[in-house]
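How is the core built, and what lines the space enclosed within the fold?

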Amino acid sequence: MLKYLCKPEPQKRFRTVGITLFAAWCGLVLMRILMRWVNVESDLAADAIFTIPVQLGLLLALPFLMYKFVLGMNTRQVLEFSNVRRVKPIYLLLSIPLGVCVFVATLGVSTVWQSLLILFGYTHTSSATAYPDRFNFAMFLASLILTAVLPAICEEFAVRGGLLTTVKNSFRPQTTLVVMGVCFGLFHQNITQVFYTALFGAFTAFIAIRFKSILPTMIIHFINNGMSVYLDYAEAYGWWGGGFFDSISLMAETNLLSLLGTYVVIVGVGVGIVLLMLHLDKNEKMQKKKELIVDGGFDHTHNRVVLMGEENKALVEEVGMVKEVYGDAYTPDEKYKPTLRDSAFYIGTIVLSVLTTIFSFIWGLFY
């Protein structure tokens, strides 16, 4: 294993992330198997026994420690490598309503997907959570932490963090989104979740790449998962929105066109929010371009902008002016092209996830 990692830096990073991914996925499968022998009366306790080691251990601590000690990064470098960067508050605020729209969008996709599975003979079995007669705030908070907070932080750190950075640096943008979508879909190892989570994974990968940060995707992820928790409690205790799922079922039976129209409108609002975020980002980069031009000079001989020194190179690259500023002296970084051996652990992860997903379809294993 040490010899496998004693390679040039791009190759070493690619292989290290692959080993980390494979180890986390193997641990996830092991936890699913162990949970079949854990006899806990409380659904919340069983969820905690499974979720806390998986999220905090496999998806947060394991990647962090691997990047820190195997790749020799300090904490700041680990966060940078994992796309944990500050963004303007406006993007975080817009991520809140966007998360609501994403929840509705994934709900529609999930419904269609499960209907297709039923046509192929799949029977989805799920046990309803038992809620106490009186509302328990501690139980609600615990459910929110286990279902929304931890996945939003840990899954984003593991998947849209170092993994996304590595894939992005090795493949074209379109391929990167496909890979990230497939990876996140198979991560859930559940045939009922694989399709809509794949779409969710590709979309959040796009957001993380576009804004160079997983903070917006953390909020989207939290809102998406948190909506499920809230609506379950709302139905149990008669809160506002408690009849959400019953209303959808009723509209599907009595007024399908209205339901589809409402769905299209909400998805359209989500698309509009994304376009607004992209527009704001474009304007921000345009403003930075103007600042660079004002602070620089113009080389009439070579017809290009000239800056004194290269201390602004990161900013120049961010706004896409590298050729204008550095001219022929600029040489773009080539993407690292992994070999089959480099990809061994990635392939192993995909095979493992495909098998467990198929098992969940044929025999209902793990769920």
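## Basis and overall fold

This is a predicted model, in which local features need pLDDT of at least 70, side-chain atom pairs count only at pLDDT 80 or more, and totals for chains, interfaces and linings use all residues. Residues are numbered from 1 along each chain as its sequence is written, and side-chain values use heavy atoms, with hydrogens and water left out.

The protein has 14 helices and two strands, taken as DSSP runs (helices H or I, at least four residues; strands E, at least two) numbered from the N terminus. Of its 367 residues, 41% are buried (under 20% relative accessible area, 1.4 Å probe, protein chains only).

## Nonpolar cores

A nonpolar core is a set of buried Ala, Val, Leu, Ile, Met, Phe, Trp, Tyr and Cys residues joined through side-chain atoms within 4.5 Å. The largest has 50 residues, and W25, L59, Y67 and L163 have the most contacts inside it. Helix α2 (residues 9-35) gives the largest share of this core, nine residues. A second, separate core of seven residues includes F140, A148, V229 and Y233.

## The enclosed space

There is one cavity of 30 Å³ or more, a cavity being a set of points on a 1 Å grid over the protein atoms alone where a 1.4 Å probe fits but cannot get out, with lining residues having an atom within 4 Å of a point. The largest cavity holds about 80 Å³ of space, the volume being that filled by probe spheres set on the points, which are joined across faces, edges and corners.

Its lining includes W25, L59, Y67 and L163, and α2 supplies the largest share, five residues.

How values were computed:
1 Å grid on protein atoms, 1.4 Å probe; cavity = no way out; pocket = protein on both sides within 12 Å on 5 of 7 lines; lining within 4 Å.
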